Amino acid sequence: MIKKGEWVRIHKTILEPSERAPQVPEDTKQVPLEMWDKGFLEADAELGDEVTIETVTGRKETGTLIEVNPYYEHDFGKFVPELLVIDKQVREIVFGGEK
Amino acid sequence: MTKANDYNSVMARKAEIMLKSVGIDYSKFESGSIAFDYEKMMRETGYTLEEMQEIQYSVGVGNTPVLELRNLTELARKCAPVGKGARIFMKDEASNPSGSFKARRAANSVYHAKRLGFKGVVTATSGNYGAAVASQAAIAGLKCIVVQECYDSKGVGQPEIVEKARKCEALGAEVVQLSVGPELFYKFLLLLEETGYFNASLYTPFGIAGVETLGYEISMQFREKYGKDPDVVVCTNAGGGNMTGTARGLIKAGATSKLIAASVNLAGLHMASDGQFNKKSFTTGHTGFGMPFASWPDRSDVPRSAARPLRYMERYVTVAQGEVFYITEALARLEGLEKGPAGNTALAAAFYLAQEMDQDQTIIVSETEYTGAGKHIQPQLSFARDNGIEIFFGDPAEEVPGKNIILPSHPSLIKPRDVDIVHMRRSLIKTAVNTYKVEPTEEDIAFLAEETNSSVEFVKETLKSL
Ligand SMILES: Cc1ncc(COP(=O)(O)O)c(C=O)c1O
């Protein structure tokens, strides 16, 4: 069980595919408009429950509970060897080879 | 009484919500026809240059260094005809709080919001502006909500935007993240209505005028150090605020530098397409914003945008994604400077433009942005490769956005392409007539000449051909 007051992330559908704006392209029209937000859980709950949170601005949002203590995983990606080719090339042109 | 919150009902309340949350009665500047009084709008709702300097300098914004890129200049000269290769400079806006020139826009907006008594600010942006508003709101003690388009329908986030979310949260903002689609604006309106907060739009007079200090500083710093204004100023162009504000500041300084806009070419990719969202390696400074906003500025979240870049640019060039990545790597390797790729769009253009100029001339890139996890060439290239984009060395002129990224096999292949600016001017005139559905008056014609940085004759001739 996840306790009231814990820092969580919720997910919710804002617009169903049928409600999407007329100007959106076909592929986007096939999928819902989704939303994610974070806040303090208002009452004890389990992952997957419909819950209410209080965000850092003091707003209430409702949605499906998907994460507790959410954290970021973005990074510097996998190695891109082409960058080393550029490095060598620009140094050779400016400084004339191995220096 | 509770209001209906379905999409159509909320969109129908747009004008009312906007008036309340921006606090500007735009009708005061309207002529009732195509024309509106742009300068009056900037004067009456903006701040003077001196007031803005005071506001910005008091919160650590502005007065960023101008860096001369000597080794990059050397590289450009090695690629240029004999005697060519202007000195290349860059204004290091990444050293602002929050890491970009957007701090200038945010400082003004947040100052204004606080002065008007708002308790918080809301902004709709996936870019550097969100972090800038969050940073300024933190200083002012205001609450801040940033609404961003971040994920595709598979829940995969663009690494650069995920990093922006992290930064906004680190600076105390609530980040409301959405999947792809222009209906972000619907959630944005709902939030403004619910909270009663200020709309820290990117396109208000105070926001745009906030960038005037940037252009003014460029001129002052150059005169102090080199005894003259730069010959050319290049601005990375998306919504047009960078170009507009920088140009207006230069004009206020009395500078006559030539102004050139640059965007990353993302032709063929639809900005609202779920499937194409993660096929692009740039989330700003690209043609997906740059072209439509320059040829019709009044498509923003305010009735009359204060960013009107076509008034100021003399030339508009596009660069390939591969060219910007190459120059970003070269900047790190030759100048010891790691900067975010989007901000280096103008640098890729300047690298080539310098080769058209004499060696005693100067060219400056108006701004840089911070870099970090997600927001860096390495993760952007790696993410592209994971999304099936081919990355290889060759001629970037052959790059197809969404399909490949072509890194120049030699720096002499970095060659921005000119946008047909005359066509853009005609397009603006045509859209104006189609939008307002009126027979243009003399006042309208004079206005359109200013809007397009052309002449009354050009406008009349274009109108005749419609
Ligand atoms: C680093 C950087 N450079 C340039 C731009 C383009 O500015 P504007 O939208 O005012 O044209 C942006 C804005 O998204 C930016 O974040």
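Between chain A and chain B, about 4600 Å² of area is buried, and carbon and sulfur atoms give 60% of that area; buried area here is the accessible area, found with a 1.4 Å probe, that two parts lose on being put together, summed over both. This is a predicted model, in which local features need pLDDT of at least 70 and side-chain atom pairs count only at pLDDT 80 or more, while totals for chains, interfaces and linings use all residues. Residues are numbered from 1 along each chain as its sequence is written, chains are lettered from A and ligands numbered from 1 in the order in which they are written, and side-chain values use heavy atoms, with hydrogens and water left out.

If contact is taken as heavy atoms within 4.5 Å, 44 residues of chain A touch 63 residues of chain B. Eight salt bridges are counted between the two chains, a salt bridge being a side-chain nitrogen of Lys or Arg within 4 Å of a carboxyl oxygen of Asp or Glu. One of them links Glu82(A) with Arg385(B), whose closest N and O atoms are 2.6 Å apart.

The largest share, eleven residues, comes from H2(A).

Trp36(A) stands opposite Gln177(B) in E5(B).

Notes: Helix = DSSP H or I, 4+ residues; strand = E, 2+ residues; numbered from the N terminus. Pairing = 2+ DSSP bridges.
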